[in-house]
Amino acid sequence: MLNPVLTIAIPLGLSFLSVILKKKRGWVLLAAACANVVMLFFLEKGEVVIGGFRAPFGINLILDAYALAGMAVAGTLFLAAVLVSRDKAERFSTVLLAALAGINGMLLTGDLFNLFVFMEITAISAYLLSSAGKKPEHSFNYLVLGSVGSVFYLLGLILLYSMTGTLNMAEMSRLAGSMEPAALAVPVFLIFTGIAVEAKLIPAGGWVRGVLGNSDSLTGALFASVYSGAALFVFGRIFADVLLSEGAVQIVLILLGLLTFAFGEAAAFRQTSIRRILLYSSIGQSGLAAMLFATGLIFPAVLVIISNSVSKFVMFTTAGKITEIHGTDDYRELGGLFRGNRLIGTAFTISALSLTGIPLLFGFYAKLNVLAAYFNGRNYFLPAVILILAMVEGAYFIRLLIRLWTPGKEGEEPDAGAATKGTGLFKPVGAAVVFILSMAILAAGLLPDHAGEFISSDGGLPGGDAPSINLSLTKGGQ
Amino acid sequence: MIRIASLLLILIGLYGIFSTRNIIKILIGINIMELGVNIFIITVGFVKDGLAPILSPDSLSSALNYVDPLAQALVLTSIVIGLGITALGLVFARKIHAKYGTYDLNKAGGGEDA
Amino acid sequence: MSIAVFLAILIILAAASFFVTAANKKAGGFATVAVSLFALAMVLSMKGSVGGEQSFMYLGFSITTVGWYFSVVMLTAYSMTSFFNPFWMKKMIYPAGYNFLYLVSMAGTIGMFFAGDFITLFIFWETVVWSSAFIIQQGKSRKASYVYYVLSAVGSMATLFAIMLAYSVSGTFVIRDAFTGLAGSPGTALVVFLAFILSGLSKMGIFPFHVWLPEAHGSAPHTFSPVLSGGLVKMGAFIAFLSVTAFPAYEIFGDMLKIMGIPAPIYFLMLLGALSIIIGTLMAIKQEDAKRLLAYSSVANGGYILIGILMLDQVGFAGGMMHLMNHALASAAAFLAIAAVAYRTGTTKMSEMGGMIHRMPVTYLVYLISIISMAGIPPMGGFVSKWLVFQGLADKGLLFIAAAAFFGSIGSFMYVFRPLSAVFLGQLFTRDKDVREVGFFMMFPMVVLTLLTLAAGVFPNIILRVVTEIQKSAGIEPVTLARNTIVTTNGFLDAFRVFIVFGFGFAIAFVLFIVRRKSRKVGLMDTYTSAEFIHTPELLHYSHSFYAPFERLYDKAPDTMNMYKKISAGIAELGGLVEAVFYGGKPAKTIFWIMAAGMVFFLAGGVFR
């Protein structure tokens with residue numbers, strides 16, 4: 001059994017090493033990404049004390065099912081991103097390795113200040129990556145918002161420290177539980193803002209359009225699935241495990257998630273650029289996850305994050321490649337693009353349909369769990385909103401898919417000759433990775449209960465949250 | 001008093017970011033904010049007439065009179081991170097200037113279109 | 001064979017047809033024929049095993065008579081239409097994908113009709129929706145597929161809401177139990193009922209969801225429109241059936257406000273059905289395109305089916321259940337006939353065709369008999385079922401709805417006559433003078449469907465006997481059947497006798513037509529124009545502006561599509577606002593909103609604690 005600290009130490013160490021090994025840095029990156037995924041299978045569950053002081057006095061790492069789920073998503077998609085865009089990733093080897101360490105640290109740490117440090121490491125690497133979009137003004141915007149967010153986070157953290165006298169999450173959770181909920185409003189806001197910047201939530205996600213709208217196949221996938229997945233896991237850790245808010249503050253948190261969800265979907269509805277559709281849809285899904293976390297529904301939120309991360313990975317890498325090869329990502333100009341790229345088209349379609357919650361794909365299981373969780377809590381308003389927004393989502397995705405599959409003018413039979421020319425969006429390895437991920441969506445959707453059990457294994461989610469629905473128990477004749 | 005001053009600093013920094021379009025000034029605003037937070041952190045750990053939190057033979061007697069060492073550690077880390085961010089921000093500023101020949105965000109293609 | 005295995009085999013065969021088509025297009029088309037006929041044979045042979053419950057993993061199936069009946073209707077449409085597939089493969093942009101999705105959607109419908117629980121029902125329902133959406137876009141219009149998918153999604157989401165709501169109250173997904181568990185809370189039950197039936201309404205094209213039918217039926221590949229209209233629309237009828245039987249609607253709403261003796265929610269839905277009849281009829285009269293016309297007629301017929309099923313009584317219900325079979329047969333045949341004409345002439349615009357009776361007489365007969373059935377004229381199947389619906393309405397004294405139903409019946413004379421005279425009668429266009437009848441392979445399904453339509457009209461009790469079983473299983477009194485007679489409180493119908501009378505009349509007319517032949521054939525351009533040159537012969541076509549004076553009566557009527565366009569524009573507008581307000585290149589905007597959020601949090605913590 002391996003010590004979880006290795007998942008932080010190894011990438012960080014290799015990050016420095018990659019500066020020296022200029023020629024071989026691509027391989028170092030690949031090795032680290034692989035090792036990171038392999039290590040996940042051998043990590044020792046539980047608490048690791050760093051520096052010899054027991055928590056709450058020292059710094060500790062906590063590896064529970066929740067952290068592991070986050071690391072598995074982030075780590076796998078990180079490896080996939082590196083595999084798909086080897087050439088691009090090589091230039092950013094050092095940055096990416098640091099980011100990997102930061103992300104693992106974010107997910108593992110049991111200490112609020114450590115979380116701040118890891119978030120900063122990750123954020124700085126994200127600023128650097130965003131500069132690959134050749135639009136420094138957007139990177140700058142991101143950096144400014146990120147800094148403001150981190151200042152706010154730090155302020156909130158120190159307020160909490162002055163109120164409770166600890167920075168340890170478990171201790172904080174215990175002490176904050178006995179405090180007047182209203183007193184937590186300001187620190188909750190400050191910490192919320194800090195995380196919301198990375199999690200793309202309204203009000204702090206203003207940078208997203210500029211950065212993700214100009215992303216390439218590497219950065220798009222990393223921002224939309226790896227970074228935002230990890231940020232949302234952190235959001236959940238804090239707002240569903242450590243700082244449980246209640247009353248008006250909780251309502252505000254839920255509302256902000258709901259607004260993000262609704263506004264993101266509405267904004268996605270009017271886009272014609274594939275990347276913009278995807279980025280607003282990502283914002284929407286982040287809002288949904290945040291809303292779920294704020295309500296205390298951890299398992300459905302985890303499903304939403306996983307479903308969204310994997311789907312968006314496939315779609316953003318494809319959109320990035322499309323832009324690189326065809327010079328545009330306006331889907332009106334890309335009619336019939338998938339005719340020459342049917343395998344990728346299929347993967348893209350599966351991912352999109354999964355996001356809209358089509359049955360037998362993983363997204364459906366996620367949606368079903370979300371609905372069941374709300375209904376179990378006798379909440380009927382939010383599920384209705386979620387379903388209406390799912391309709392909007394289905395509308396813009398099906399419009400996109402129709403256009404990308406079928407060339408030809410409206411009112412005439414499809415014209416194969418009018419299809420956007422060009423085959424081979426991806427190199428074989430990239431195509432294989434993208435296709436395998438989409439097949440994973442399908443497989444997990446076909447065997448949802450197994451997927452659900454896998455995710456909540458050992459019942460180790462915070463609060464013992466478990467699947468809200470077990471399909472095997474609901475079949476007829478029982 | 002110092003605490004209020006530090007909060008004021010944060011607000012001043014925020015106002016700076018909010019009101020100016022000049023990249024360098026925005027970075028300065030960020031720095032002011034960070035300064036404010038750092039001072040705030042120190043005030044949280046401050047103990048009147050406290051001693052430096054160093055274990056030495058002559059301070060053993062007043063074990064309860066240390067200033068909080070944790071806050072100081074946080075500030076150190078935060079300063080380092082702030083430095084990194086400022087440096088990176090300046091790099092971006094340079095890039096923007098190289099690309100658009102201006103430090104004004106309004107003119108630097110950073111308009112509403114992405 | 002268990003349903004799960006059967007479905008698995010169908011899916012595997014669908015995948016196989018994909019690869020066969022990839023190798024040889026025509027062979028792939030024939031593969032769909034073989035597979036759909038196999039499926040039809042399998043389902044027909046399952047009649048004996050009705051009553052079983054099966055499960056496979058998390059899927060639950062329940063073999064019911066009504067499921068069997070719907071499956072037979074559906075598979076008849078699928079298997080007969082599949083005969084056209086081999087000949088249209090070269091026109092498809094994705095022939096392999098088409099064949100695959102064709103068979104997957106077919107398997108989906110079977111799975112849905114035999115579903116034992118709501119999750120299974122929903123899974124297969126959605127499977128059909130997306131697979132057919134991807135087929136429709138291979139036709140003339142991309143927009144059609146979009147409209148179809150979105151309106152289906154409206155229904156699907158509402159149904160999912162209903163399913164989950166019922167689950168949260170009764171703790172089960174098993175269809176009957178989940179609904180009966182709601183008996184204690186009529187308020188929840190009302191929400192569940194209305195939300196659940198929404199997907200059925202949208203699928204059947206009941207007002208205000210009817211807008212997708214003309215788009216999708218009119219623009220889908222010619223080989224898929226018959227399935228859409230003859231088959232997939234009937235999925236909605238299945239949902240409607242579940243809504244009133246599995247969901248004991250009349251019992252649960254028994255204490256509610258009653259209108260004409262019908263609980264208000266059900267009466268409201270019947271009104272929607274009546275509106276659909278009126279709108280479908282009026283819009284069908286207007287259409288220029290033969291397929292769009294038939295699509296609107298499907299809207300109207302969907303109204304009859306819905307009203308019939310919602311009555312849940314001895315007579316009207318039987319009429320609704322029988323009408324869905326009759327409409328499936330007739331509408332599939334009519335769409336196939338139009339497809340056959342389109343195959344030869346390349347158009348479905350009525351003003352661009354004419355005189356096809358001289359070139360394609362069999363297709364003409366097929367079309368004639370189908371539309372007679374759809375209009376409810378004896379001695380075809382449609383007459384018997386509509387007669388039953390009328391009987392039911394008259395029994396209950398549902399005046400307004402009966403008026404609408406009669407209006408639709410009379411209006412249907414107008415719209416069925418138009419394509420008949422425009423496409424088949426009248427003068428032949430010169431460019432069509434070399435058109436030939438379609439080959440045997442395409443003629444076969446049309447003839448079979450036509451004979452079935454005729455059989456349903458002459459021996460309706462064959463179908464009605466199945467319907468009585470369904471009525472028994474739904475716990476209502478079955479319609480009274482004598483040997484070849486249907487007996488109701490207001491009278492009886494001996495369809496065979498009607499057939500004899502009509503056959504006799506037809507024979508006399510035919511003899512007169514042969515003996516006293518006075519007509520002279522003239523060409524379309526054989527006219528006096530005062531030396532004016534005719535640029536567009538279509539204008540001379542006598543179906544051009546056929547019902548112009550009548551249409552003028554309601555051409556200002558609002559278009560439901562505009563409502564959806566407005567909603568869509570509204571969402572896009574909100575999206576634009578969101579973009580402008582929250583997203584941009586500069587930090588100031590975001591800082592402002594962060595501070596605003598801070599104020600909200602502050603208030604939440606302080607004021608509203």
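**View 1. A hairpin of three residues links strand 5 of chain C to strand 6 of chain C.** In this predicted model, strand 5 and strand 6 of chain C run antiparallel and are joined by two bridges. One pairing that can be located in the view is that of C:T480, whose bridge partner in strand 6 of chain C is C:V487.

**View 2. Strand 6 of chain C, residues 485–488, is joined to strand 7 of chain C by four bridges, the two strands running antiparallel.**

**View 3. The open sheet of chain C consists of three strands in the order 5-6-7, with antiparallel pairing.** Because strand 5 (480–481) and strand 7 (491–494) of chain C each have a single partner strand, they stand at the edges, and one side of each is left without a neighbour in the sheet. Helix 18 of chain C, residues 381–396, packs on this sheet and touches strand 6 and strand 7 of chain C, its direction making about 10° with that of strand 6.

**View 4. The contact between chain C and chain A takes 65 residues from chain C and 87 residues from chain A.** In chain C, the residues that lose the most area to chain A are C:Y58, C:Y583 and C:F601, which together account for 13% of what that side buries. The area buried between the two chains is about 6800 Å², and carbon and sulfur atoms give 73% of that area.

**View 5. Eleven residue pairs are in polar contact across the interface of chain C and chain A, counting pairs in which both residues are at pLDDT 80 or more.** On the side of chain C that touches chain A, at least two residues each are supplied by strand 1 (53–56), strand 2 (59–62), helix 6 (118–136), helix 7 (142–170), helix 24 (560–582) and helix 25 (587–606) of chain C. Helix 7 of chain C provides the largest share of that side, with 15 residues. By residue class, the side of chain C that touches chain A divides into 40 nonpolar, 16 polar and nine charged residues.

**View 6. A salt bridge is formed between A:R209 and C:E579.** The closest N and O atoms of A:R209 and C:E579 are 3.0 Å apart, and the count of salt bridges between chain C and chain A is three.

Note on methods
Residues are numbered from 1 along each chain as its sequence is written. Chains are lettered from A and ligands numbered from 1 in the order in which they are written. This is a predicted model: local features need pLDDT of at least 70, side-chain atom pairs count only at pLDDT 80 or more; totals for chains, interfaces and linings use all residues. Side-chain values use heavy atoms; hydrogens and water are left out. Contact means heavy atoms within 4.5 Å. Buried area is the accessible area (1.4 Å probe) that two parts lose on being put together, summed over both. A salt bridge is a side-chain nitrogen of Lys or Arg within 4 Å of a carboxyl oxygen of Asp or Glu. A polar contact is a pair of N or O atoms within 3.5 Å; within protein, one must be able to donate a hydrogen and the other to accept it, and residues adjacent in sequence count only if both atoms are side-chain atoms. Ala, Val, Leu, Ile, Met, Phe, Trp, Tyr, Cys and Pro count as nonpolar, Asp, Glu, Lys and Arg as charged, and the others, Gly among them, as polar. Two strands pair if DSSP finds at least two bridges between them. Axes are lines fitted to C-alpha atoms, for helices over the stretch in contact, and angles run from 0 to 180 degrees between N-to-C directions.
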